[in-house]
Amino acid sequence: MTSSGVRHDASPSAVASPGVPPTTRREDLVTVLFGAVLTAGAMSDGWAHSNIIETIEGFFTPWHGLLYAGFVATAAWTCWLAYRRRGGAPRWWRDGWPAGYRVGAIAAATFLLAGLADLTWHETLGVEVGLDAAFSPSHLLLDASAVLLVTSPLRSWWASGEGGARSATGVASLVLGAMAPSILLTYASAFLTLAPTRFIGGLGTQQQAVLGVDAYLLTTLLLVGPFLLVHRRRAAPGTGAALVAGVALFNLVMQEFPTPQTWAALGTLGGAALADALLWRLDAVRGPDAPLRLPLAGALLGGLLVAGHLTGLALAVGVRWTPEVTGGVVVLAALLGALLGGLAARPAGPAPAPVPPTPAVPAQAVPLGRR
């Protein structure tokens, strides 16, 4: 049995060295803005690979320029945050990282190494196309490093234990972290699939439907997982909708906003907003320590995301899957969300041992002569 109460403790990676002050909300906001430039560069590079690949001749492109400018700015700012705290940590390059930023500093180093590897790869093997771009080792390392780098404000928010306006930078950082892997997952993204618009008939169309279901489950995992990480510690209204908006925008920009997928994304956004509202109301009624809080949150968000996407497709061009597959994929997404919520919930501690009753001490007889 698990307990899904709100956690306020910080992970070890978010803890700073003693004497190092944490970042302020303004400092985290600057990190988010620089991270947004990095993400915009990745988005524009994905657009170029999808639309004008025949004009790309090497590593040095305007889109790579924006990407690496965002990286340099984010990495330099991360180092500056540690350097300006050198009064409390003279060896600032080792001990001066504020809470949440040490992992980001390591990620900056790995991103630089991956960038050099990507330069070598492009100049020797050429420009990757399609699945080659998604599975290129240098791209995978770049992407993983970018996720860790742009989520430093998220870890800082968790370490601070603050709510209110501080939540905005944390959620924005979370959205950037969820957007970064999107460039490598477009081949299996629900935001780009049109599988539900095709009849399920022979073996070939059944295989297309299976790939569509897989896209829904992978996208559910990508969106519900980060949402539960936030909801586990402190509910932040609008987190689900923000995640959907960021990831959908990333996917649709690369394909220049095709009409059916855009309508479907709007439906998904509506489903996420409804889930946010329902979960906010449930927390108000049941409290943040209610049983099965996180499994219920995951099931609601997962099911409503897929239901909203199918509704958008139905309004745009029609859904031609059978009722069994259409309803089943919604249930599958809800079950996956519930499973993720159960895994994210904090295990219940052992029940306190019962205190044995204190034995009664018989009153000592007193001789009559002494009364």
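Tutor: Let's start with a term. A residue is buried under 20% relative accessible area, exposed over 50%, and partly exposed in between. Keep in mind that this is a predicted model.

Student: How are the rings of Trp80 and Tyr83 arranged?

Tutor: Their centres are 5.8 Å apart and their planes are at 40°, so the pair is tilted.

Student: Where do Trp80 and Tyr83 sit along helix α2?

Tutor: They are three residues apart in α2, so about one helical turn separates them. An α-helix has 3.6 residues a turn, so residues three or four places apart point the same way.

Student: Which helices hold Phe34 and Trp77?

Tutor: Phe34 lies in α1 and Trp77 in α2, so the pair ties together parts that are 43 residues apart in sequence.

Student: Is each of them buried or partly exposed?

Tutor: Phe34 counts as partly exposed, at 29% relative accessibility. Trp77 is buried, with a relative accessible area of 16%.

Student: What kinds of residue make up the lining of the largest pocket?

Tutor: There are 18 nonpolar, nine polar and four charged residues.

Student: Now the core. How many residues are in the largest nonpolar core?

Tutor: The largest nonpolar core has 55 residues, and Phe71 and Leu228 have the most contacts inside it. Its largest share, nine residues, comes from α10.

Student: What else does the model have in the way of cores?

Tutor: There is a second, separate core of twelve residues, with Ala190, Ala264, Val306 and Val329 among them.

Student: Back to Leu228. What is Leu228 in contact with, leaving aside its neighbours within four places in sequence?

Tutor: On that basis, Leu228 is in contact with Leu294, Ala297, Gly298, Gly337, Leu340, Gly341 and Ala344.

Student: And Leu221? Which helix is it in?

Tutor: Leu221 is in α9, residues 203-233. Its relative accessible area is 42%, so it is partly exposed.

Student: What does Leu221 touch, again leaving aside neighbours within four places in sequence?

Tutor: Leu221 is in contact with Pro226, Leu336 and Leu340.

Student: How far apart in space are Leu221 and Gly298?

Tutor: They are 9.9 Å apart, C-alpha to C-alpha, and 77 residues apart in sequence.

Student: Let's switch to α7. How many of its residues are buried?

Tutor: Helix α7, residues 152-160, has seven of its nine residues buried, so call it mostly covered. The buried ones are Ser152, Pro153, Leu154, Arg155, Ser156, Trp157 and Trp158.

Student: What follows α7?

Tutor: Gly161 does, and its phi is positive, near 70°.

Student: Where is Glu256, and what is its phi?

Tutor: Glu256 lies in the loop between α10 (239-254) and α11 (259-286). Its phi is positive, about 60°, although Glu256 is not a glycine. With 49% relative accessibility, Glu256 counts as partly exposed.

Student: And Phe257, where is that found?

Tutor: Phe257 is found in the loop between α10 and α11. Phe257 has a positive phi of about 55°, although it is not a glycine. Its relative accessible area is 43%, so Phe257 is partly exposed.

Methods:
Residues numbered from 1 in each chain as written. Predicted model: local features only at pLDDT ≥ 70, side-chain atom pairs only at ≥ 80, totals over all residues. Heavy atoms only, no water. Nonpolar A, V, L, I, M, F, W, Y, C, P; charged D, E, K, R; others polar. Buried < 20%, exposed > 50% of the residue type's maximum accessible area, 1.4 Å probe, protein only. Helix = DSSP H or I, 4+ residues; strand = E, 2+ residues; numbered from the N terminus. Core = buried A, V, L, I, M, F, W, Y, C linked by side-chain atoms within 4.5 Å. Contact = heavy atoms within 4.5 Å. Phe/Tyr/Trp six-rings, centres within 6.5 Å; stacked < 30°, edge-to-face > 60°.
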